[in-house]
Amino acid sequence: MIRNRWWLLLAASACCNVHAESIIDGAAIADESRTGDWLSYGRDYSEQRFVPLSQIKPDNVGKLGLAWSLDLPGIKSLQATPLAVDGTIYFSGNDSIVFAVDARSGQLKWRYDPEVWKHAGKRYRLLFPANRGVAYWKGRVYVGTYDGRLIAVDAATGKESWAVQTLEGETGYITGAPRAYNDKIIIGNGGAEAGYSRGYATAYDAATGKRIWRFYITPGEPAKGFENAAMAMAAKTWKGEWWKFGGGGTVWNSITYDPEFNRIYLGTGNGGPWNQNVRSPGGGDNLFLSSIVALDADTGAYAWHYQTTPGESWDYNSSQDIVLATLKWQGRNRKVILHAPKNGFFYVIDRSDGKLLAADAFGKVTWATHVDIESGRPVETPEARFPGGAGLLYPSSVGVHDWQAMSFNPQTGLVYIPTVDMPQYYSQKNMDPRSWVEKPFFYNTGYDVIEVEGLGQIRLSASLIAWDPIAKRKVWETPMPGLWNGGTVTTAGDLVFQGNAAGEFAAYHARTGKKLWSFDAGLGIVGAPISYQIDGQQYVAILVGWGGALPGAFGVGVARHGWVYGAQPRRLLVFALGRKSVLPPTVKAPMPIPLDDTKLTIDKPLATAGQQLFNTSCHLCHGFMAISGGGAPDLRASPLMLSPDALRSVLQDGALASRGMPQFDDLSDEQIRSLYFYVRDRARSDLARHKAEPAGDTVLPTGS
Ligand code: CA
């Protein structure tokens, strides 16, 4: 540590942008003069992702070029926002693997692998084991692992300092980034659909890993007593025996620390299961699902809450960024929260008391007509809870805006949001909510699992929008070439950077949305860029790592981009003005063509049973209707799927566990044969369709 400081002092004398003090604590994260670093998930405590650097600007961004790139062999998906701390970039990849890279040269300093596949057990099958980032505090890097551990890693050596298991029970996982404040590290949990899932966030001592407090999002069983008065209050908004399901409300992404009020804001998850008729029959608001919950940062005591979607029933969680800002609101400065959750309304909330100031639709919404400002409640449309038993609603379960980070630029006053325009078909026609049974380690929505053909005519789209939170309107919109795109960063140079599904990394004018520069990254991008400065040079960095759960689930809607599992390298790219490094080219692969075993007679009843099983346990990675979006192999084209014995070995014996394919040892031979026939059936019909119409069609997700 002393040696490190000595080195930094020398560096500081050469340049103003390296700080002599290497202790990164709350003061450093909140220090507005530390313009060169990116110290927390959302850059600083505001989570604005606004970079006060203006070396790169509209009239020179055309000269932006690749400074260096780093290939990351073995990595399958990169969703993280990197940190840039005193000349080192820290980030995580899938399976919570952490990297430290020299921010000047791109040389790998260390790689830490927590060996998630050895620890995760059945959790490994719940979702693709993505990870969205790390925290930094006083010489340590902190990562939440997919199997539920919070791990402190020495930032200089990459050696583990301590590890603690944060999850209760057998289900659930962590994919989100921890946050560091007041010598504490806070982390939530994920997996509201995983079965018996109850959401919470927990604060740990940064030095030792000792647990300090935990706040639950849903109330437990009343007979066992409530943890606090907030849980007793929340329990009045539930019906039935919700605790048997856990209720959901996982804190899997959004956690913001507010130093001005010394509070933590949690963005809470959807219901577990989604269907409220199952979870809380007879209704109720179901606190604190789909809410912002404000807590005392030191004790975890409840301060206030605002619920964006009362009686959540559509996977409309409030897990999206909670951004802190001070806005000139009706003539006076107000400290506010900016929040654009899945349900499609953009919220401005007074963070002193949680009072709603504005809520306006920023995309297509058919579940509610508007939000009543006085009561703070949405006014649902008659079709919102599909009285006919089924219906198509906007937005879908990925929302108008999902977890991909938005950014706020105080100079333009605009918020830059990656949005999706897509409906979802929900159905409870063929099921009885009273007898629906939750299955741990499968994907539980509480709705019918069906494949709806013939919805392909609906136009699906995505765009980057700039939203004015004071004027409550969209100022500009730029269409995207695909549905599932990356997060944004905005700079004092009047720029917005974003990567997209088609593998384009682009800069837009922050005031007009005009595209000013772009780079072919050779693979789809889902993470968010950062910008930092060293030795007087401004850099922009992005992780290029198409993959994770949804690129699989979107199926053909994203498969057309040409990203095939394993075909393209995952990389960190770093750009600066005047640099001209050349990225080794990657190939765009054609969509995999299904294989057919023409001699096979398909057992149709078994294939139908396999469809149900596939779409509750395989689809998030291998794609809805077995069409992979490149996040995992396309099973229709897999030679392994031609053999029921090979499939049995993968599922029952875990033959590919070390390569990331989870073991399903509780599946019977009959169930495995049903999956085999389902995939063979899909492959045969899709091959016929492919021959008739090679361009393919569009597949919508349904309530599965
Ligand atoms: Ca969800």
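This is a predicted model: local features need pLDDT of at least 70, side-chain atom pairs count only at pLDDT 80 or more; totals for chains, interfaces and linings use all residues.
1. Start with the turn between β5 and β6. This hairpin has five residues between its strands, and Gly106 takes a positive phi near 80° there. Val98 stands opposite Tyr112 of β6.

2. Strand β4 (residues 88-92) runs antiparallel to β5, and five bridges join them. Here Ser92 stands opposite Val98. The hairpin of β4 and β5 also has five residues between the strands, and Asp95 takes a positive phi near 60° in it.

3. How many residues of β5 are buried? Five of the five, across residues 98-102. Val98, Ala100 and Asp102 point one way, while Phe99 and Val101 point the other way. In a regular strand, side chains alternate between the two faces of the sheet.

4. Now the cores. The largest nonpolar core has 115 residues. Phe215, Leu266, Phe497, Tyr532 and Leu572 have the most contacts inside it. A second, separate core has 41 residues, including Phe128, Tyr173, Ile322 and Ala549. Nonpolar side chains tend to be buried together in soluble globular proteins.

5. Leaving aside residues up to four places away in sequence, Tyr532 touches Gly36, Leu53, Trp68, Ala84, Ile89 and Ala103, among others. Its contacts also include Gln537, Gln538, Tyr539, Ala541 and Val574.

6. Which residues supply the protein donors of the calcium ion? They are Glu193 (OE), Asn270 (OD1) and Asp315 (OD), at 2.3 to 2.5 Å from the ion. Their spacing in sequence is E-x76-N-x44-D. Glu193 lies in the loop between β12 (184-188) and β13 (200-205), and Asp315 in the loop between β20 (302-307) and β21 (322-329), so this pair ties together parts 122 residues apart in sequence. Glu193 is buried, at 8% relative accessible area. Asp315 is buried too, at 4%.

7. Do not look for disulfides: the count is zero. Cys618 itself is buried, at 16% relative accessibility. Cys621 is likewise in no disulfide.

8. Last, helix α10 (residues 644-653). Its buried residues are Leu647, Val650, Leu651 and Gln652. Their cover includes α11 (669-692). After α10 comes Gly654, with a positive phi near 70°.

Definitions and conventions. Residues are numbered from 1 along each chain as its sequence is written. Side-chain values use heavy atoms; hydrogens and water are left out. A nonpolar core is a set of buried Ala, Val, Leu, Ile, Met, Phe, Trp, Tyr and Cys residues joined through side-chain atoms within 4.5 Å. Buried means under 20% relative accessible area, exposed over 50%, partly exposed in between (1.4 Å probe, protein chains only). Contact means heavy atoms within 4.5 Å. Donors are N, O and S atoms within 2.8 Å of the metal (3.2 Å for Na, K and Ca); water is not among the atoms, so sites may look incomplete. Helices (H or I, at least four residues) and strands (E, at least two) are DSSP runs, numbered from the N terminus. A disulfide is a pair of cysteine sulfur atoms within 2.5 Å. Two strands pair if DSSP finds at least two bridges between them.
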